[in-house]
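My notes follow the structure.

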Amino acid sequence: MTGIMRRIDLRGERPSAAELRKVLPRAALDTAKAADRVAPLIERVRTEGAPVLYELAERFDRVRPDRLRVPAEAIARALEELDPGIRAALETSIAHNRAGHVQQLPSAAEVEIVPGGRVTQRWLPVSRVGLYVPGGLAVYPSSVVMNVVCAQVAGVPSIALASPPQEAFGGLPHPTILAACALLGVDEVWAIGGAQAIAAFAYGVEDGEDVLEPVDVVTGPGNIFVAAAKRLVQGTVGIDAEAGTTEIAILADETAIPAYVAADLISQAEHDPAAASVLVTSSAALADEVESLIPVQAGATTHTERILTALAGPQSGIVLVDDVDAGIAVVDAYAAEHLEVHTADSRADAERVRNAGAIFVGPYTPVPLGDYIAGSNHVLPTGGTARFASGLNVTQYLRSQQVVEYSAPALAAQSAALDVLANAENLPAHGAAALVREGKGSAS
C-alpha cells in the first residue's frame, strides 16, 4: 500500500545500532550552522543590552514592547480574564506535576569512611534560573507549568521567565502564558523571544529601572536558534538540553488499535511541519490500517496541512520489523523524545527499552497526557540525545555538594597512604599538608 508516510522495510534484517541510526527517519537539523548565525546576535545582546532586544523584537516578532519586563498589573489582569475552564485545567496540571516532581528530590546522605572520617552528600538549589517559553505556531502555558513547578520543587529562590512579545497583545506575551505565571506566583516575566532571550538570561540586561539579573541555569524548549543559543552560552550558565522539534515513536504489534496509533502520530505532527512521527511495527496490516486512517483523522482537525506535511516529511515514516524484539532494537537506536508502546505485553516491553526521553505504556497512555497532566515533564531530549540525556527534572536545578570532615586520629590513620600517593604523583606538598598535622616533615 502506498500512503502518506514513507516506509522502511527491515524485515529479514538485523542491522546494528549504528546501521539503524543511518537509515531511520530523522530531522536534518544543523545546530552548528544555526550557532554561526546566532553568535553575533548573542554578542550584541551581551555588549549593547536592552536597545538590541527592542530592535530584535521589531525584527523577529513584528512588535516593539513598551517595556521588556511585563508589568505586574498585566500578569494579574491575565489571570482575572482567564477562562475558568482553562484555569481549572491549569490548576490540575500544576497539582499533578508538583506531585510527580516531588518524588524526584534526592535525599542527603552521610557515610563514615573510617572511624572519625565522614563524607556528607547534600543537594543545593541554584540561586536563580531563567525559564524560556516559546511562542511560534502555538501557545504553551503547559511549558510554564513544566519549567516553573520543577524549579520550585527544587527550591530555587529566584525565577525569571521569558516569552516572545506578541503583536496581537500589544507587545506582551500571550495572556494565557501570563495567567499561568500568576497561578504559579511568578512575577518576573520578560517579553523577550528566541535566542536573544537566552543571551539576556546569561548576561543580564538593564532597561531603565528594570534589571534582568544574570541567571545560573537556563531551561525550556524552543526552535533550533534557541538550541544554538543554549550551546553558545553553556559554561556561562548551565542548560537543560538543546531541545529541538518534537518527535514521537510508537512501537506496535498486531494487537495495537489502529485508530489510537494514527491519532497519536497526528498529535505530535500537529506541533510543527518539521515534527517527527515514526511508527515501528511488526504488523504490515496495522501499518496499512493506520495509513488509511491518517487522512480521515487529520482532515477532521484544525491543522490539517501542517500535520500532513510533517507526516510526509523525511523525518517521519513507518518502519516494518520482524517482531517486537527487532522493534525494541529499532526504538533504542532511534532514542525518541516520546515513545509509546502498544504491544501485547506493553509494560514488560517498555521495561526492555533503554533509550527514550519518556515512555508511555499501553493504549490508554497517549503522549498528550504527558504534555499536560500526567505528572511527568514534557521538556525532553530530542534528536537521538535520549541515548545520553534526561528530560527536565529537579536535579537540573540542584548542585551536588560533598562535605568532608575528618578528626585528628582519622587523618593520622590515613596520612601514610596519602603521602605515598602524593609522592607517586610528584606532589610532595600534598603529603606534607597531612604530615604537618602530626608534627612530621620540614614544616614542623
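This is a predicted model: local features need pLDDT of at least 70, side-chain atom pairs count only at pLDDT 80 or more; totals for chains, interfaces and linings use all residues.

Entry 1. I began with aspartate 322, which comes out as partly exposed at 38% relative accessibility. I then looked up its partner: aspartate 322 makes a salt bridge to arginine 14, with 3.5 Å between the closest N and O atoms. Aspartate 322 sits in the loop between β13 (317–320) and α13 (324–334) and arginine 14 in the loop between β1 (7–9) and α1 (17–23), so this pair ties together parts 308 residues apart in sequence. Arginine 14 counts as exposed, at 55% relative accessibility.

Entry 2. Next I checked glutamate 55, which bridges to arginine 44 with the closest N and O atoms 3.0 Å apart. I placed glutamate 55 in helix α3 (residues 50–61) and arginine 44 in helix α2 (residues 31–48), 11 residues apart. Both ends are partly exposed: glutamate 55 has 33% relative accessibility, and arginine 44 has 29%.

Entry 3. Is the lysine 230 end buried or exposed? I found lysine 230 buried, at a relative accessible area of 1%. Its salt bridge goes to aspartate 240, and the closest N and O atoms are 2.7 Å apart. Lysine 230 belongs to helix α9 (residues 224–233), while aspartate 240 is in the loop between β10 (238–239) and β11 (247–252), 10 residues apart. Aspartate 240 is buried too, because its 13% relative accessibility falls under the 20% cut-off.

Entry 4. I also noted a network: Arg7, Asp288 and Glu291 are joined by salt bridges that share partners. My search of the whole structure gave 19 salt bridges.

Key:
Residues are numbered from 1 along each chain as its sequence is written. Side-chain values use heavy atoms; hydrogens and water are left out. A salt bridge is a side-chain nitrogen of Lys or Arg within 4 Å of a carboxyl oxygen of Asp or Glu. Helices (H or I, at least four residues) and strands (E, at least two) are DSSP runs, numbered from the N terminus. Buried means under 20% relative accessible area, exposed over 50%, partly exposed in between (1.4 Å probe, protein chains only).
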